[in-house]
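Subject: Structure handover

Hi,

Here is the structure you asked about. Please load it before reading on.

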Amino acid sequence: MPAAAPRIHPRIGAMLRYSLRLQLGSARTVVLGLLHLVPLLLAALWWLSRRFELLEVFSDGRELFGILVMTLYRPTLLLLATVFYGCAVVREEVENKTLTYLLVRPIPKWAIYLGRTLAALVVVLLLLSLSLTLCYAVCALASASGTFQRNLGLLARDLGALSLGALAYTAVFALLSAAFKHPMLIGLALAFGWENLVGHLPWLIGKLTLSHHLRALLSHPEAGGSGLPALLARLLGTPTPPAQAAAVLASVALAALALGAWLFQHREYPIEQ
Amino acid sequence: MSSAAVFQLEGVFKSYGQVLGLNDVSLSLGPGIHGLLGPNGAGKSTLMKILAGQLKADRGRAWLRGRPVWNCPAGYLELGFCPEQDAFPPGLSGRGFLSALAELHGLRRGAAPDAAGRALERVGLEPAVWARPIASYSKGMRQRLKLAQALLHEPAVLILDEPLGGLDPVGRQRLLELMTELVAGGRTLLVSSHILHEIESMTSSVVLMVNGRVAAEGNVHEIRALIDRHPHRIALRCPEPRRLAAALVENPDVVSLELASDPPELHLTTRRPDQFYPRLTEAVLALGLEVERLSSPDDNLEAVYRYLIDEPS
């Protein structure tokens, strides 16, 4: 073993690999992986219905892809994945009583936190990007519009926006994990209460949510949502420019990461016997 | 702060809500092997977790080899900690688990499995089980794996929280031998247990904890001397115990006398063993008795422990 304290980057990398290995083999990944198949299945059903002329819904793949992004990926799958992986960053190790093994290594606590949060983000991005890319492929293959098939920029923009959203949400839920004993309940309330309901409200209050800024980055006006909150947002909301929205998401992610790392560094996490 | 101290605590308090875990604990332990004794809830694990930097003292300070323990990752280059809880990350093999931890110590990915193998070998885990999931290990194997993760980086100091718990007699003996070997190799060990003979078979340097306080500390015989309110018991086997009892009954140091029939023994108690033993020798010589066996049932940890639990200081 090295006698002196080794460099920090390889150890963050080691923490990342260790956490990734645990996350990828977890039941959580199996369940969320299956959920990420849902949009694919819907796209495949639409393809089949067009092919066999069973049902005439959505004019082309672009419309369906937009609706799937705005109604399944952004408000459901992204939030579910980031809540479940983010809230597990600290609490899973505490509940499994295995945090001790990590905390008795010559690595600063903030680096452990960073490694585990990065691992959570990597798994979320893997699930999202695989599912979204395949979904795009199905929609594009089945689409009559040749322009959509060639418009990979749309996929890239959605992937980029959802990745930035994943970063912000994972950092926020990881912060909850470092701060609270039961982060999952708070995380679910935040995700599906605050983010999905308040995010549609007009004026300033809507802008206090991450979902408002994420919507500003996603380019699907054809799938603007329905219901009263969405109608109010369309009538009264002032859109945020994409660059500003991206800056807000990145700033929130950095602030949450820094605060979470600071908390983890200074708090104790007693393991109950 | 003592420069020779390996473990040092100064006025440490630690509470869990309304429950006081440690109550003004000050302690200084040098190199060697030390036993930490006390009943469940005495504060042993809390003390060990504070020394291992897992918990932060509410008040007071703790050092390991002169270095503050809280938020000091460099300290873990020379400290190995074996926690009490029987828990491991799911889905990993013993070797996979230790390899990942070795990488956290800065070992390269290629070298980590070898270091893991050496640690597993050291605690007597057969290579055939290294690749098996930890979930399939027996209690004894998991206990050894916990010790292996503490030994992984060959630290100079080890804190072992109930390391013998749940082991069968053979496994227990093997671990005791390993601990003796570690101390012989120059390491310092702090080992906790609530089973007295476990500690007694390892060391005579003990810290006794009761109700979050250090009730006594030092050599077991010195500790016994501290408990002067409790009579010291002596058992003496000789052919004519009744004659000896008659000779000793007038001795002012004797508190009580009792004759046992099977085997024929004289059991007596004294409050001043230092003065009494020379008088006993004189009486035996004067009567021309042949003493077959002389023992002090109190001169062991069991008695000291029992007294302290009965009467916390």
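This is a predicted model: local features need pLDDT of at least 70, side-chain atom pairs count only at pLDDT 80 or more; totals for chains, interfaces and linings use all residues.

**Core.** The largest nonpolar core has 157 residues. Within that core, B:Leu51, B:Leu208 and B:Met209 touch the most other members.

What does B:Leu51 contact, leaving aside its neighbours within four places in sequence? The list is B:Phe7, B:Ala62, B:Leu64, B:Val69 and B:Ile159.

**Chain contact.** Chain B puts in 28 residues and chain A 27 residues. On the side of chain B that touches chain A, helix α2 (residues 94–104) of chain B gives the most, with four residues. That side of chain B holds 16 nonpolar, eight polar and four charged residues.

**Strand β3 of chain B.** This strand spans residues 33–37, and five of its five residues are buried. Both faces are covered. B:Ile33, B:Gly35 and B:Leu37 lie on one side, with B:His34 and B:Leu36 on the other. In a regular strand, side chains alternate between the two faces of the sheet.

β3(B) pairs in the parallel sense with strand β8 (residues 188–193) of chain B, over five bridges. There, B:Ile33 stands opposite B:Leu189. β3(B) also pairs in the parallel sense with strand β9 (residues 205–210) of chain B, over three bridges. In β9(B), B:Val207 is the bridge partner of B:Leu36.

Best wishes

Terms used
Residues are numbered from 1 along each chain as its sequence is written. Chains are lettered from A and ligands numbered from 1 in the order in which they are written. A nonpolar core is a set of buried Ala, Val, Leu, Ile, Met, Phe, Trp, Tyr and Cys residues joined through C-beta atoms within 7 Å. A residue is buried if 20 or more other C-beta atoms lie within 10 Å of its own, exposed if 12 or fewer, and partly exposed in between; C-beta atoms are placed from the backbone. Two residues are in contact if their C-beta atoms, placed from the backbone, lie within 7 Å. Helices (H or I, at least four residues) and strands (E, at least two) are DSSP runs, numbered from the N terminus. Ala, Val, Leu, Ile, Met, Phe, Trp, Tyr, Cys and Pro count as nonpolar, Asp, Glu, Lys and Arg as charged, and the others, Gly among them, as polar. Two strands pair if DSSP finds at least two bridges between them.
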